[in-house]
Amino acid sequence: MCFFDQHRFACGDWKWGHFRQHCNREYRTGETCGMKLIMQTVPVSQKCKLCDKIDTKQRRRSAEEDRISRWKREGGKFRASIDRSYDMIKSLDREIYELRSERMRKLQAV
């Protein structure tokens with residue numbers, strides 16, 4: 001039951017921070033007992049790395065959709081580019097799904 005800081009992100013996720021204090025069960029210097037308790041919670045105004053990645057992929061997906069709509073308005077001469085953009089959107093959807101699933105696994109692991 002050693003004490004650590006906890007960093008809480010704007011998105012609601014958290015991570016362990018620095019070690020703060022030993023408990024009565026651990027006597028060796030530099031070692032912890034393995035049980036982590038929160039000494040203090042430090043609010044962080046940023047989102048976590050996973051949420052940043054999700055936001056980035058969603059922006060890229062939105063840009064691809066805008067491109068497709070622009071190409072369709074200009075006529076049917078960009079068919080190969082439109083198909084390639086649809087493939088890109090499918091891969092981005094898959095990556096976004098995997099990142100969200102990983103985020104949910106982390107939240108449920110607690």
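Colleague: How does H1 pass H2, in a left-handed or a right-handed crossing?
Modeller: In this predicted model, the crossing of H1 with H2 is left-handed.

Colleague: Which residue classes are in that contact, and how many of each?
Modeller: The contact of H1 with H2 has 12 nonpolar, 13 charged and 3 polar residues.

Colleague: And the geometry? At what angle do they pack, and how far apart are the axes?
Modeller: Helix H1 covers residues 49–74 and helix H2 covers residues 79–108. They pack at an angle of about 160°, and their axes are 9 Å apart.

Colleague: What does that make H1 relative to H2, roughly parallel or roughly antiparallel?
Modeller: Roughly antiparallel. Angles over 145 degrees count as that, so about 160° qualifies.

Colleague: Staying with the helices, where is Glu 65?
Modeller: Glu 65 is in helix H1.

Colleague: Does it count as buried, partly exposed or exposed, and what is the number?
Modeller: Glu 65 counts as partly exposed, because its relative accessibility is 37% and that class runs between 20% and 50%.

Colleague: How far is Glu 65 from Ile 89, in sequence and in space?
Modeller: They are 24 residues apart in sequence, and the C-alpha to C-alpha distance is 7.9 Å.

Colleague: Changing topic: aromatics. How many pairs are there?
Modeller: The count is 4 aromatic pairs. One of them is Trp 14 with Trp 16, which is edge-to-face. Their ring centres are 5.1 Å apart and the planes are at 85°.

Colleague: Why is that one edge-to-face?
Modeller: Because the angle between the planes is 85°, and over 60 degrees counts as edge-to-face.

Colleague: Which residues form the cluster?
Modeller: Phe 4, Trp 14, Trp 16 and Phe 19 form one aromatic cluster.

Colleague: What sits over the ring of Phe 4?
Modeller: The charged end of Lys 36, at 5.0 Å from the ring centre.

Colleague: One more residue. Where is Arg 20, and how accessible is Arg 20?
Modeller: Arg 20 is in strand S2, residues 14–21. Its relative accessible area is 46%, so Arg 20 is partly exposed.

Colleague: How far is Arg 20 from Phe 3?
Modeller: Their C-alpha atoms are separated by 5.4 Å, with the two residues 17 apart along the chain.

Notes. Residues are numbered from 1 along each chain as its sequence is written. This is a predicted model: local features need pLDDT of at least 70, side-chain atom pairs count only at pLDDT 80 or more; totals for chains, interfaces and linings use all residues. Side-chain values use heavy atoms; hydrogens and water are left out. Rings of Phe, Tyr and Trp (its six-membered ring) pair if their centres lie within 6.5 Å; planes under 30 degrees apart count as stacked, over 60 as edge-to-face and the rest as tilted. A charge sits over a ring if NZ of Lys or CZ of Arg is within 6 Å of the ring centre and within 35 degrees of the ring normal. Axes are lines fitted to C-alpha atoms, for helices over the stretch in contact, and angles run from 0 to 180 degrees between N-to-C directions. Helices (H or I, at least four residues) and strands (E, at least two) are DSSP runs, numbered from the N terminus. Angles under 35 degrees count as roughly parallel, over 145 as roughly antiparallel, 65 to 115 as roughly perpendicular and the rest as oblique. A crossing is left-handed if the near helix is turned anticlockwise from the far one by less than a right angle, and right-handed if clockwise. Ala, Val, Leu, Ile, Met, Phe, Trp, Tyr, Cys and Pro count as nonpolar, Asp, Glu, Lys and Arg as charged, and the others, Gly among them, as polar. Buried means under 20% relative accessible area, exposed over 50%, partly exposed in between (1.4 Å probe, protein chains only).
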